[in-house]
Amino acid sequence: MEAESASSSHEDPSAGAVVSKKMKYRKDKPWDNDTIDHWKIDQFKPEDNPHPLTEESSFATLFPKYREKYLQQVWPHVERSLKEHGIGCRLDLIEGSMTVFTTRKTFDPYIIIKSRDIIKLLARSVPYEQAVRVLEDGMACDIIKIRSLVRNKERFVRRRQRLVGPNGATLKALELLTQCYIMVQGGTVSALGPYTGLKQLRRVIEDTMKNIHPIYNIKTMMIKRELMKDPTLKHESWDRFLPKFKKTNVQRKKVVSKPKTPYTPFPPPQPESKVDKELASGEYFIKERERQARKKELKRAQQEEVSEQRRRERAKEFEPPVEVVTAASEVGPSKKTDNSVDIDELKKKVAKATKLKSKKKTIGHKAWQQSVYSRGHKAGHSLSLPEGTKLDNSLSLKVILVLHLEHEPVRGLRR
């Protein structure tokens, strides 16, 4: 019964909804709603500080020689912009410095810090049109020193170029994602923009100098930018959407460590100079003519030695190769060593050769007869002989020649 009475006491009788104990006595505040931006910085006006500053504050910075001409051109615009906030400025070309200071008309105590940032940006090659934006509320600048992050100069130049990208593409992508102006100059990176963008940009630049390619950070920032548009993911973790990049170990050249020599408190002996060597050999006391003659003789001896070595190398090409003696080529005591010729075997070879030669002639003659017969039949002529008649070689040759000459007469002969 007590639990029921306690729960009924927290219910709103008019609406019938359960109201928590913390919100039971809370009243609506008409001046506090979701449409109000609590982080907005209101503009500081002269009415907010009617009394002048009691002490003068000033900041000075040096600028390089190559910026002198540009600063002379834009300095009237700098004076005009700072005068609106009651800040004085001075350009010293002899000393090479710029100075800003407060005056009796300065009403904003923080504007001197922003004026200091302007002259620092101008000294770091940032154009006046961009540097003057620091005076706006919500804008800040950050000068990141990157030269001390990398020891090796060549490695530093490569990583700085990686930050800029091909044709400035990487730098442009960072400017669009962070809403900042970026100027890479020498050993520093000057950035100008909102505070959140400057914080992201500094992390990307430091990672780039630590050999982490900026494309990884750019990809992460682009995913976060799309996730911010979804209100349902406002109170959820985004880790499952962000990419996870694994580090890969790149094989490097192994450094050959030199063997350690035992420590001795005495320094190593001083190497002998050219004069010491001449004194030891006695060349120092001879005349200049003799010294030159010795030098020429030594040079001639070296040339002769080189030429002799080259001659021996050329002569190697004409040396016969070493013959390898095999077991088959060795002549035993049982083998014949005389140059006697077997007459019977030679006669058999000659008889066999003549027989093959006559056989080839007969075969060639028959093939020629067959070709002539076939050519006569193709021309439409046939040789009619009574049955049982056989042509001997001489008669058949004459008949074939007559038929051949009738249809293909030889040039120079009459029919």
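This is a predicted model: local features need pLDDT of at least 70, side-chain atom pairs count only at pLDDT 80 or more; totals for chains, interfaces and linings use all residues.

**From a hairpin to a sheet and its helices**

Strands β2 and β3 form a hairpin in which four residues lie between the two strands, and G96 in the turn has a positive phi of about 75 degrees. Strand β2 covers residues 87-92 and strand β3 covers residues 97-102; the two run antiparallel and are joined by six bridges. Within this pairing, L91 has M98 in β3 as its bridge partner.

Further along the chain comes a sheet. Strands of a sheet pair through backbone hydrogen bonds, either parallel or antiparallel. Here three strands form an open sheet in the order β4-β6-β5, and the pairing is antiparallel. Its edge strands are β4 (140-145) and β5 (181-185), each of which pairs on one side only, and from one strand to the next the twist averages 15 degrees. Strand β6 (residues 188-193) pairs with β4 in the antiparallel sense over six bridges, and A140 stands opposite G193 in β6.

Two helices lie across this sheet. Helix α3 (residues 111-123) lies across β4 and β6, running at about 45 degrees to β4, while helix α7 (residues 195-209) lies across β4, β5 and β6 and runs at about 10 degrees to β4.

Helix α7 also has a helical partner. Two packed helices are described by the angle between their axes and the distance between the axes. For α7 and helix α8 (residues 214-227), the packing angle is about 150 degrees and the axes are 9 Å apart. Since angles over 145 degrees count as roughly antiparallel, α7 is therefore roughly antiparallel to α8. On the α7 side of the contact are Q200, V204, D207 and T208, which meet P214, N217 and M221 in α8. Sorted by class, the residues of this contact are three nonpolar, three polar and one charged.

What remains is to look at the cysteines. A disulfide is a covalent bond between the sulfur atoms of two cysteines. How many disulfides does a search of the whole structure find? The search finds zero. Two of the residues to look at here are C89 and C141: C89 counts as buried because its relative accessibility is 13%, under the 20% cut-off, and C141, with a relative accessible area of 18%, is buried as well.

Conventions:
Residues are numbered from 1 along each chain as its sequence is written. Side-chain values use heavy atoms; hydrogens and water are left out. Two strands pair if DSSP finds at least two bridges between them. Axes are lines fitted to C-alpha atoms, for helices over the stretch in contact, and angles run from 0 to 180 degrees between N-to-C directions. Contact means heavy atoms within 4.5 Å. Angles under 35 degrees count as roughly parallel, over 145 as roughly antiparallel, 65 to 115 as roughly perpendicular and the rest as oblique. Ala, Val, Leu, Ile, Met, Phe, Trp, Tyr, Cys and Pro count as nonpolar, Asp, Glu, Lys and Arg as charged, and the others, Gly among them, as polar. A disulfide is a pair of cysteine sulfur atoms within 2.5 Å. Buried means under 20% relative accessible area, exposed over 50%, partly exposed in between (1.4 Å probe, protein chains only).
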